[in-house]
Amino acid sequence: MFRYNFEKKIRFLMIKYVLVGIFFLNSFLFGTVTLFEKKWSKGETFLTFLKENKIPIRLYYNLSPENKELTAEIITGVKYQILKDEKGNIKQVLIPIGEKLELHIEKSSKGYFINTLPITYEVKHRILETNIDSSPYQDIINLTNNRLLANEFIQSYKKSINFKRDLRKGDKLVIIYTQKIRLGEQFGNPTIEASMIETKGVKHYIYRYKGRYYNAKGQEIESFFLSQPCKYTRISDRFTYKRWHPILHIYRAHLGIDFAAPIGTPVHAAANGTVIFAGRKGGYGNCIIIRHIDGYKTLYAHLKKFARGIRRRKYVKRGKTIGYVGTTGLSTGPHLHFGLYKNNHAINPANTIKISKSYLKGSRKKEFLTYIKKYNQKIKIALNNNIKSKKEKSFAYYMKVKRDNNLSL
Ligand SMILES: [Zn+2]
């Protein structure tokens, strides 16, 4: 009984504490332990990881279908932590899945168990104000060490400003944004709440409103959007990063939308892009990943088979048939698992599946104009006070972020 309560307490503390807290607790309880930080290597799967580290593979086979899918979400290059005792035996492993969750393996007296824990992070509100010196892209990186912020800013203005033609040295920009900080380092995608860039004496504004970007007139900035990837009978599971299960006392996550559809239903590319993966991917079974513009990727899983000619490096247009609905990888019934990623982090596809851009009118526009007032005020203050953003350390975990050469000066 004592033992049970003791373990329960540790589990509770683990959920509350950040990584450091967990490891501190363990080194205190179990004597000398050593922490190793490693990078998930290319081609490594959760199964090969278990085998290599002599952890029983039943840990994988006993997982729920949802958690099997999660193990297929581990990104090549992601930093993860292993805690070993003085004999080199694994005590704990923490592997990040996206921005909000991590897989946690622990060895207790009863053997290994696995669960998912929420990643603990802080959200920092930042304002950046600067005169453009070399290019907006480079200046933002120099001031913040945040390549993702620079990309996001440039992408949001690429339809309205010709950076090469319109910008002059000394033009101004302001960005109001939030950034997740974990263990003192930036991680995950920044969210730009509002921004302004002044060129030739004209101020251009963009605001994030209900998850999309709009200009000062309430016209949506056309950016990335997706079309429906297949005809479906119903949505059998929605996107969730963490949902606390009140009975099982675990966090559930599902990083995509499940479209239930008969076996053989054609699956279409949701936007133009290049196939970067077509093969088997752990719990996802037969899986296709397509890379699109602006750091977006889409994932199509559990396919019965691929369409003819679909392979790596193949460019596909929106609507092109790339495969067929199946039930490979796991067997909860035929469905398409459809995932969307921005800079390798899963986001909800439901907010992005749409036909065209919107123009706010009437009461919706009124609401929007009220909403943006506080940002205009903040931008004004930033311009008057020369607010420089805090330069953070670089990112907490490796992400491939490509510089888009067409977009900077
Ligand atoms: Zn799914």
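I take a residue as buried if 20 or more other C-beta atoms lie within 10 Å of its own. I note that the model under study is predicted.

**Entry 1: Pro229**

I looked up Pro229 with that cut-off in hand. Pro229 has 25 other C-beta atoms within 10 Å, so I recorded it as buried. I located Pro229 in the loop between β10 and β11 (234-237). I then listed what Pro229 touches, leaving aside residues up to four places away in sequence: Val267, His268, Ala270, Tyr300, Leu336 and Phe338. For Leu336, I noted a separation of 107 residues along the chain and of 8.6 Å between its C-alpha atom and that of Pro229.

**Entry 2: the chain as a whole**

I read off nine helices and 23 strands as the secondary structure of the chain. Of its 409 residues, I found 34% to be buried. I also checked the contacts with a separation of 6 or more, and 66% of them are accounted for by residues 24 or more positions apart.

I returned to Val267 and listed what it touches beyond four places in sequence. Pro229 and Cys230 are among them, as are Tyr300, Leu303 and Leu336. The run from Thr321 through Ile322, Gly323 and Tyr324 to Val325 is also touched by Val267.

**Entry 3: helix α7**

I asked how many of the 11 residues of helix α7 (residues 147-157) are buried. I found 10 of the 11 to be buried, so helix α7 is largely enclosed by the rest of the structure. I listed these buried residues as Arg147, Leu148, Leu149, Ala150, Asn151, Glu152, Phe153, Ile154, Ser156 and Tyr157. I found them packed against α6 (136-144), β7 (172-182), β8 (185-199), β9 (202-209) and β10 (212-215).

I looked at Leu148, which lies in helix α7. Leu148 has 23 C-beta neighbours inside 10 Å and therefore counts as buried. Its C-alpha atom is separated by 8.6 Å from that of Gly188, 40 residues apart along the chain.

**Entry 4: the α6 and α7 pair**

I described this pair by two quantities, since two packed helices are described by the angle between their axes and the distance between the axes. I found that the axes of α6 and α7 come within 8 Å and cross at roughly 150°. Angles over 145 degrees count as roughly antiparallel, and α6 and α7 are therefore roughly antiparallel to each other. I recorded their crossing as right-handed. On the α6 side I noted Pro136, Tyr137, Ile140, Ile141 and Thr144, which meet Arg147, Leu149, Ala150, Phe153 and Ile154 in α7.

**Entry 5: positive phi values**

Asp294 has a positive phi of about 55° although it is not a glycine. I placed Asp294 in the loop between β17 (286-291) and β18. With 16 C-beta neighbours inside 10 Å, Asp294 counts as partly exposed.

For His302, I found a positive phi near 65°, again in a residue other than glycine. His302 is found in strand β18. Is His302 buried or exposed? With 27 C-beta neighbours inside 10 Å, His302 counts as buried.

I located Trp40 in the loop between β1 (33-39) and α3 (46-52). Trp40 is buried, with 20 other C-beta atoms within 10 Å. Not counting residues up to four places away in sequence, I found that Trp40 touches Ile74, Ile75, Thr76, Gly77, Val78 and Tyr80. The C-alpha atoms of Trp40 and Tyr80 are separated by 7.2 Å, and these residues are 40 residues apart along the chain.

From Lys91 to Thr34, I noted 57 residues in sequence and 9.6 Å in space, C-alpha to C-alpha.

Key: Residues are numbered from 1 along each chain as its sequence is written. This is a predicted model: local features need pLDDT of at least 70, side-chain atom pairs count only at pLDDT 80 or more; totals for chains, interfaces and linings use all residues. Helices (H or I, at least four residues) and strands (E, at least two) are DSSP runs, numbered from the N terminus. A residue is buried if 20 or more other C-beta atoms lie within 10 Å of its own, exposed if 12 or fewer, and partly exposed in between; C-beta atoms are placed from the backbone. Two residues are in contact if their C-beta atoms, placed from the backbone, lie within 7 Å. Axes are lines fitted to C-alpha atoms, for helices over the stretch in contact, and angles run from 0 to 180 degrees between N-to-C directions. Angles under 35 degrees count as roughly parallel, over 145 as roughly antiparallel, 65 to 115 as roughly perpendicular and the rest as oblique. A crossing is left-handed if the near helix is turned anticlockwise from the far one by less than a right angle, and right-handed if clockwise.
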